[in-house]
Amino acid sequence: MAFEYEPHGRTQLPLLKMDEALIETLEDNQMQLQNVLASKYRAFFLQRAQDWQEKLSTTDTVINTWFEVQRKWSHLETIFIASEDTRSQLPEESKKFDTIDEDFRALVADAVKTPNVIECTNKPGLHTKLEALQDRLAVCEKALAEYLETKRLAFPRFYFVSSADLLDILSKGTEPLEVSRHLTKLFDSLAKLKFQEDADKKPQKVALGMFSRDGEYMDFDAECDLSGQVEVWLNRLLERMRSTLRSLMPQALGTYEDKPREEWVFDYPAQIALTGTQIAWTTEVGVAFASLEKGYENALKDYNKKQIARLNALISLLLGNLSAGDRMKIMTICTIDVHARDVIIKMIQTKVENSQAFAWQSQLRHRWDDGEKHCFANICDAQLRYAYEYLGNTPRLVITPLTDRCYITLTQSLHLYMGGAPAGPAGTGKTETTKDLGRAVGMMVYVFNCSEQMDYKSCGNIYKGLSQTGAWGCFDEFNRILVEVLSVIAVQVKCIQDAIRARKKTFNFLGETISLVPSVGIFITMNPGYAGRTELPENLKALFRPCAMVVPDFELICEIMLVAEGFLDARLLARKFITLYTLCKELLSKQDHYDWGLRAIKSVLVVAGSLKRGDPGSAEDQVLMRALRDFNIPKIVTDDLPVFLGLIGDLFPALDVPRKRNLEFEKVIREAVVELKLQAEENFVLKVVQLEELLQVRHSVFIVGNAGSGKSQVGPDHPGPPLTLAKHIPWPPMAPWREQGPMAPPQAEAEIAPVLKSLNKTYKMLKRRPVTMDLDPKAVTCDELFGIIHPATREWKDGLFSTAMRDLANITHDGPKWIILDGDIDPMWIESLNTVMDDNKVLTLASNERIPLTPTMRLIFEISHLRTATPATVSRAGILYINPADLGWSPIVASWIETRTEKSEKAALTILFDKYLPPCLEKLKSEFKTITPVPDVTAIQTVLSLLECFLTPQNVPPDSPREQYELFFVFACIWAFGGALFQDQLVDHRQQFSKWWLTEFKAIKFPSQGTVFDYYIHPNTKTFNLWDERVPAFELDPDVPLQVLVSKSLERQSTPEVLL
């Protein structure tokens, strides 16, 4: 046998190719030799057998070592040879690698000259040379790891980027403009910088201000020097960001009383305006309590009136024309203001008389300390210093009693040097509340989606980063980590907590001395009792303070969000909204894809807000009714639709608001559908429009529909990303990518495929440049999907999904980008997407890389059911349910008939389809049992495939009579609808089908004996003949063993012929 080689991507050096056949042959030969040596007759050829055993053993060892050396060389070559920055930073190691590179190339050149495997691997001294290379490569790897570690220690936020990204940042470190694209991975909201420009308008290495992800701009309080090494100027940038926010706060507070608040808020960035409002609230309530204690009884009531007047002034702003940034700022302040108003009302009702009462002390109270020149947040006896992380113009959570309780628990856990552990069902706000508390105190919160791929070393690196940055880490679905890893994590967390408790500046962590910023917080969130979850060890439980997150106050959340969206009659509308969802939960059927929880409520409210802004003249109840109806109908099954519409009619009586339509867009959809040779039926166009509306609101969408047959063509014109992936990914890359040649597995085409295909085509016709990637997640393991760290070498091996998402995130144009996941939902892989599918919109990998989901990216799941999905998964995505009755069978048949050329044939076939298909489909559903589920589309597709075979010019020449078409049509229908029927213990369903057919359809006469399945159409006479005639006589071949002889029978003859 000979070795096979493939060229290296960058250098074109021939590299040894993994050959399964070669490895199998080698193992098989070694086994045979062992059997020979174990034989009692071995004496004669003992020496030869031992020689061969030694040769094969050497071959095995050399091949394994060669692959290991080759893998390490490929990984390090791009770093030490291709990167000039690394060469300048590590000159000694680069020189060592240059000699390794020369030696390896010489070995490869020598190996290529000797193709024979045994001769090539048994050359004298080859194994020794490979082992020496392996040791030298390990030295280079260690030097590189130490180099990256020094950079991470210099700027600890580097712990939260992957090694590949860090190398990219370091290689471009002297070019701040190039590094700025990585800023979103290092800061919460800082996305890009405003550079000082020289006379030629070229950016210099001086930053004047910063832009947030959402486009908000803030000037720095002083120029920021970006020269020097990257880790040094990033630390300067971090310090400048914090000092800017810190200097702006007292300025904002100083001007708070100078003008009405609805004017004041526009003078400052969103974060400063919001924090200033919260500090002013605390101060004003303190003044009111002081007046109360002096005997002025109406102090709180008067302040409450002032609050309501201010809030109404802000709401009136929302009803006007505002920019997107200003609207978000006002909505966020409104959200916090409503809570502040409710706190005061509650204190008035419970007759609170002084500022020491628990009702006031339990609130998160911001204050500015003039002595320390710092902002502090107090709650009960805990005090947190504001961290001044720039958060941009981000929304804040509605604060409910549950949020308050969670705030108290989490802040007390920090006060007691512990971690926090919110636990509860899906959609109760565990992660979001932790993040919101972080935003309230200006803290950077890193959310990590825990998975089985995380080991104690990757978690240790995260804790190292958190300890040195002082940031908070929120570990979502913490109990998905393997229990043996959790035990080690317990020791790591305790080490950090002990160091904070002892007020240490530096401490020993995993054998290294690292600095400690005491504001570090570690929080874990857990969902109880799903697949792939483990029970936390007792030593870990003891380090976290638990907080039970139960169902929040939906009505309060709904009311406050409606207020923030600019609705005046928010209380009544919120009651109607929640009543509808409560009744839907109780009265509609229990479908796996129904979700009436918090995330579903929020998305409808966003739709209602956008509808209100689009049509400010409409009545508020009409706007909400339209949002509730049009946003929920796409996910409701046919049987539940009358009940749902009845409930809407009862809650909003005498309202019949037409659906908001974009007729131009619908026209383009129809053109796209016709161009794809599909049928532009109203129901079908409506489903495409509903999908487009859903993608505007939700970034993750489940399209649920019954499977049909054929090969799915969701993204019909893949421009190339899957092929690009094939170059980068070390797994067998072709397996999960459909549309890519012979290795792509045949898939069931769902009825939903044309919906996606049509919307994709519509986008192309509108010149929106859609990009689609299509992936079957069940074709590969979780490690191959999301990547894995090699446990011994710590080398990261990228996954299919992570590569696809990174590739799409790097596409700069603003056209729609879809990752279409076409495969069964399985908690083991989809739970790793939790942080992508919720409001975090970031994929967290075991390598500590964080890949953001950009605003134009969407995850689309093409599935047949959600039976195995957890509530956490279902609540995170929008649902478009394709009812089987929505499209029916006629569009498929109509599209197929259009492919026929003869006019007379088209007319005859149309009549035959209308005559035979409806009764057959109805009967198949109601009376007969099939051995495997056969959807309607599959049965119809089978009819069409059989007709495709039979209706040839030889069988039915042009202008044949209708009876001749009907003969073949009947035969096709019998086998399409009756072929999968079987005989159970009581009934022979084939027999029953045959009887029903003969009594129902008499146009084509069958012979009187047997069933309709016993006959075939003779190609010459066009009459029904028995299959028995085609069964050959059995002939015994004396040379063939009896057990392998096959005798032909009626079933053995008829079934293959129909199938073929």
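Mentor: Happy to! Let's start at aspartate 630, which is buried at a relative accessible area of 14%; buried means under 20%, exposed over 50% and partly exposed in between, with a 1.4 Å probe and protein chains only. Do keep in mind that this is a predicted model: local features need pLDDT of at least 70 and side-chain atom pairs count only at pLDDT 80 or more, while totals for chains, interfaces and linings use all residues. Residues are numbered from 1 along each chain as its sequence is written, and side-chain values use heavy atoms, leaving out hydrogens and water.

The partner of aspartate 630 is arginine 659: their side chains meet in a salt bridge at 3.8 Å, N to O. Because aspartate 630 sits in helix H24 (residues 620-632) and arginine 659 in the loop between helix H25 (641-651) and helix H26 (663-675), the pair ties together parts that are 29 residues apart in sequence. Arginine 659 is partly exposed, at 23% relative accessibility. A salt bridge here needs a side-chain nitrogen of Lys or Arg within 4 Å of a carboxyl oxygen of Asp or Glu, and the structure holds 47 of them. Helices (H or I, at least four residues) and strands (E, at least two) are DSSP runs, numbered from the N terminus.

Two further pairs are worth a visit. Arginine 613 forms a salt bridge with glutamate 565, their closest N and O atoms lying 2.9 Å apart. This pair links distant parts of the chain, 48 residues apart: arginine 613 belongs to helix H23 (residues 598-614), and glutamate 565 to the loop between helix H21 (554-564) and helix H22 (570-587). Arginine 613 is partly exposed at 34% relative accessible area, whereas glutamate 565 is buried at 7%.

Lysine 435 and glutamate 432 both lie in helix H17 (residues 430-440), 3 residues apart, about one turn of the helix. Their salt bridge brings the closest N and O atoms to 3.5 Å. Both partners count as buried, lysine 435 at 9% relative accessibility and glutamate 432 at 17%.

The cysteines tell another story. A search of the whole structure finds 0 disulfides, a disulfide being a pair of cysteine sulfur atoms within 2.5 Å. For cysteine 380, the nearest cysteine sulfur belongs to cysteine 547 and is 13 Å away. Cysteine 450 has its closest cysteine sulfur in cysteine 459, but at 6.5 Å the two are too far apart for a bond. Cysteine 450 is also buried, with a relative accessible area of 0%.

Glutamate 20, in contrast, is exposed at 52% relative accessible area. This glutamate 20 is found in helix H1 (residues 20-38).

Stepping back, the chain has 41 helices and 26 strands. Its C-alpha trace spans about 115 × 90 × 65 Å along the principal axes, and 53% of its 1060 residues count as buried.
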